[in-house]
Amino acid sequence: MRSGLAIVAGAAALLLASCGGSGDGGGGQSLTADEFRQQADAICKQYEDKLNELGSPSSLDDLGAFFDKAVPIIEEGNSKLQDLEAPDELSADWDRAMELQDKNLQVTHDLQEALHDKDTARIQDLVSQLDATDAESTRLARKVGLENCGQQSQ
């Protein structure tokens, strides 16, 4: 596993760093592009800070407990992002980024389960799946002009 702990610990952060959420458009109030960018980046920063407060797990055994704390934070941040309605000129890219994040969130739940099961092969496969969508999510977040949400995980 490529620097195992770093990748798996980064998996939680990448969900928010690449602008997670659910792809239904939310139903929130229509925003200008600048308002949308400002609000989305503020949400990403807020929830990235919450994830950073959890610290970094120091062993594979600590990762299950880390994910138990991180997943609800990710879900809450995604819900906040879901409430934002992207303006028309950004909506296609935003909706695609949201679709990727829906997939990432499901993979993260699977990863959480694999960590508790100590299933190393499955952990590696799931981390690879997250890595595969991270670059595209980040590209889309940057394309719509986001900064905090457009940072690729390390």
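Is Q112 buried or exposed? Q112 is buried, with a relative accessible area of 16%, where buried means under 20% relative accessible area, exposed over 50%, and partly exposed in between (1.4 Å probe, protein chains only). The model is predicted: local features need pLDDT of at least 70, side-chain atom pairs count only at pLDDT 80 or more, and totals for chains, interfaces and linings use all residues. Residues are numbered from 1 along each chain as its sequence is written, and side-chain values use heavy atoms, with hydrogens and water left out.

The protein chain contains five helices and zero strands, in the order α-α-α-α-α along the sequence. Helices (H or I, at least four residues) and strands (E, at least two) are DSSP runs, numbered from the N terminus. Of the 154 residues in the protein chain, 45% are buried. Among contacts (heavy atoms within 4.5 Å) between residues at least 6 apart in sequence, 80% join residues at least 24 apart.

Helix 2 (residues 33-53) packs with helix 3 (residues 60-82) at an angle of about 170°, and their axes are 10 Å apart. Axes are lines fitted to C-alpha atoms, for helices over the stretch in contact, and angles run from 0 to 180 degrees between N-to-C directions. The two helices are therefore roughly antiparallel to each other, a term applied to angles over 145 degrees. Residues A40, I43, C44, Y47, K50 and L51 of helix 2 meet A70, I73, I74, E76, G77, K80 and L81 of helix 3. By class, this contact has nine nonpolar, one polar and three charged residues.

Q112 is located in helix 4. Leaving aside residues up to four places away in sequence, Q112 touches F67, D68 and V71. K118 lies in the loop between helix 4 and helix 5 and is exposed, with a relative accessible area of 54%. The phi angle of K118 is near 55°, a positive value in a residue other than glycine.

Technical notes. Parallel < 35°, antiparallel > 145°, perpendicular 65-115°, else oblique. Nonpolar A, V, L, I, M, F, W, Y, C, P; charged D, E, K, R; others polar.
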